[in-house]
Amino acid sequence: PFIFEYTALSRSVYQRAVSFEHDYPAFLLSLASAIRTGLDPVVALCRAHELFDEKSELKKELVKTKENIERGMQEEDALRSFGSTIRHPDINLFCTAFILSRKQGSSLSQCLQRLVRVTRQRQSFRRKMASAIAMQKLSALGIAGCALAIALFQFVTNPTAFKQAFEHPVGIRFLTAGIVLMATGIFWMLRIARRKL
């Protein structure tokens, strides 16, 4: 039960991050556009949730940040809380850039545009990697299929030798070791091929 719960929780965390990233470039662009028109960055941030639907993870985080600011939380603390429950590599960068621009009075819109470029490049790279990962998974399954086909061929063509290998103490050890190594290798290949943000 613990393994199933952990797997379900890990998948939920990943899906939330993917949902967040789906809206993230549009959020950065809209925020940069609003700031260029002269709107205060914090005001623009608080209004940005209006652009996204109710199921959006990004909207939920924006609403939480807006509520924190309206309740009187310190601006920096409220900004630091943005996306704190989502495991995404770009959130801390965005929060740091926003806070520094507020403290130093620098232009935030140009920084946001650079963040958009970085995010889109990462998304493009991830799409390219997805095809390579799919090929790696197929290779792992192909290796397993070949091993099973060879074992079946040996059993059909020479069942006596196959039976003797299982009955012999050395033969069963080598066969068991081979199966364990094959299963471990395939499991490891599939594990390192898992997609991550």
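In the predicted model, E57 is buried, with a relative accessible area of 12%. This residue forms a salt bridge with R16, in which the closest N and O atoms are 3.1 Å apart. R16 lies in helix α1 and E57 in helix α3, so the pair ties together parts that are 41 residues apart in sequence. R16 itself is partly exposed, at a relative accessible area of 23%.

Helix α3 comprises 14 residues, 57-70, and reaches 20 Å from its first C-alpha to its last, close to the 20 Å expected at 1.5 Å a residue. At the start of the helix, a side-chain oxygen of S56 comes to within 3.3 Å of the backbone nitrogen of L58. The buried residues of α3 are E57, L58, K59, E61, L62, T65 and N68, and their cover includes α1, α2 and α4. Following α3 is G72, which has a positive phi near 100°.

K59, also located in α3, is buried, with a relative accessible area of 11%. Apart from neighbours within four places in sequence, K59 is in contact with H49, F52, D53 and E54. Of these residues, E54 forms a salt bridge with K59, the closest N and O atoms being 3.0 Å apart. E54 is exposed, at 61% relative accessible area.

The whole structure contains 10 salt bridges. Among them is the pair R122 and D90, with the closest N and O atoms 2.0 Å apart. This pair links distant parts of the chain, R122 being in helix α6 and D90 in the loop between α4 and α5, 32 residues apart. Salt bridges with shared partners also join R16, E57, K60, E61 and K64 into one network.

Note on methods. Residues numbered from 1 in each chain as written. Predicted model: local features only at pLDDT ≥ 70, side-chain atom pairs only at ≥ 80, totals over all residues. Heavy atoms only, no water. Helix = DSSP H or I, 4+ residues; strand = E, 2+ residues; numbered from the N terminus. Expected span 1.5 Å × (residues − 1). Buried < 20%, exposed > 50% of the residue type's maximum accessible area, 1.4 Å probe, protein only. Contact = heavy atoms within 4.5 Å. Polar contact = N/O pair within 3.5 Å; in protein donor to acceptor, adjacent residues only side chain to side chain. Salt bridge = Lys/Arg side-chain N within 4 Å of Asp/Glu carboxyl O.
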